[in-house]
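This report concerns the structure shown below. Please keep the sequence and the model in view while reading.

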Amino acid sequence: MKYRHQYHAGNFADVHKHVCLLEVLAALARKDKGFLFVDTHAGRGAYELHPGDAAHPAEWRAGAARLVAAAPRHAALVRYREVVAAGVHGGSLRYAGSPLLAARQLRPVDRAVFFESQREEAGALRKALDGQPRIRVEAADGFAGLRALLPPPERRGLVLIDPPYEEREDFTRVHEAAADALRRFAGAVLVLWLPLKLRSDFDAWWSRLGRALERPLLASLLWTHPPDSRAALNGSVLAIVNPPYLVEEAMREWLPELRALLGGVGEAVLSANAPH
Ligand SMILES: C[S@@+](CC[C@H](N)C(=O)[O-])C[C@H]1O[C@@H](n2cnc3c(N)ncnc32)[C@H](O)[C@@H]1O
């Protein structure tokens, strides 16, 4: 596998995903009962980003750095900005990926399991977590590992599925993993990231997901290029299955503000299969 998240850490898609993740984690923490958080594709956890570093395209300058320089209004964006700003040192940034962001939010009653298939990245993640109890890192395939964890004894769970999409099969693997997770544990909250390329491809993926899962769905779309441009990536999507209470209402407020801060060209909140 060639994929290294270091090249993309803190870019607009990471900002979008991490704002969303923090919001869902906060929504789950409104109830006292603990939950299990699973990150099936966790990465190395911390990314050292330096301006002018020729080895890495500076995608974060157009993403996380913009949030740090801004004064957002919505609480979801303020929360994210605070966490990211804590990693600024001089002109550089130690950017926290999804497992480290989650680890900061989890309470003593919550647990987490992080999967990362590249041994070196999994080792770096273990080191970054510094032996926190109630968190386990597995150097293994996250799609397979997830199956063994559901249903969790807590009967509350959140799963982030964020594969690199280096292989086209990842689009169908995400569908299959989501359907399998819900068969084992109907109440699971799932957060699925996917790249936004052609609008028609997304529409087909979204309607297949709706038909396959028959659960409440919410999608947050953020376009950095017009929907059918031939750029490698036109935007970012987060699809949330079984979205917790009030997450949709908050998203309708923070998403346009985030789009304006990042200089995106469009955004949309979609929902489907809402209970009647
Ligand atoms: C997009 S990055 C994850 C970023 C991370 N979730 C974040 O938001 O900070 C995808 C990661 O998945 C890892 N990976 C790829 N295939 C995997 C698999 N089948 N199981 C677990 N990890 C995998 C890659 O090595 C890479 O580090």
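The model is predicted: local features need pLDDT of at least 70, side-chain atom pairs count only at pLDDT 80 or more, and totals for chains, interfaces and linings use all residues. Residues are numbered from 1 along each chain as its sequence is written, and side-chain values use heavy atoms, without hydrogens and water.

The largest pocket holds about 1000 Å³ of space. Its lining has 47 residues, and those closest to the centre are Tyr3, His5, Pro163, Pro164 and Tyr165. Here a pocket is an open set of points on a 1 Å grid over the protein atoms alone, where a 1.4 Å probe fits, with protein on both sides within 12 Å along at least five of seven lines; lining residues have an atom within 4 Å of a point. Helix 1 gives the largest share of the lining, five residues.

| Element supplying at least two lining residues | Residues |
|---|---|
| Helix 1 | 12–28 |
| Helix 6 | 142–147 |
| Helix 7 | 169–184 |
| Strand 8 | 189–196 |

Helices (H or I, at least four residues) and strands (E, at least two) are DSSP runs.

The open sheet of three strands runs in the order 2-4-3 with antiparallel pairing, where pairing requires at least two DSSP bridges. Strand 2 (46–49) and strand 3 (88–89) are the edge strands. Strand 3 pairs with strand 4 (residues 92–96) over two bridges, and Val88 stands opposite Leu93.

The axes of helix 1 and helix 9 (residues 247–262) come within 11 Å and cross at roughly 155°. The two helices are therefore roughly antiparallel (angles over 145 degrees).

How values were computed: Grid points are joined across faces, edges and corners, and a volume is the space filled by probe spheres set on the points. Axes are lines fitted to C-alpha atoms, for helices over the stretch in contact, and angles run from 0 to 180 degrees between N-to-C directions. Angles under 35 degrees count as roughly parallel, over 145 as roughly antiparallel, 65 to 115 as roughly perpendicular and the rest as oblique.
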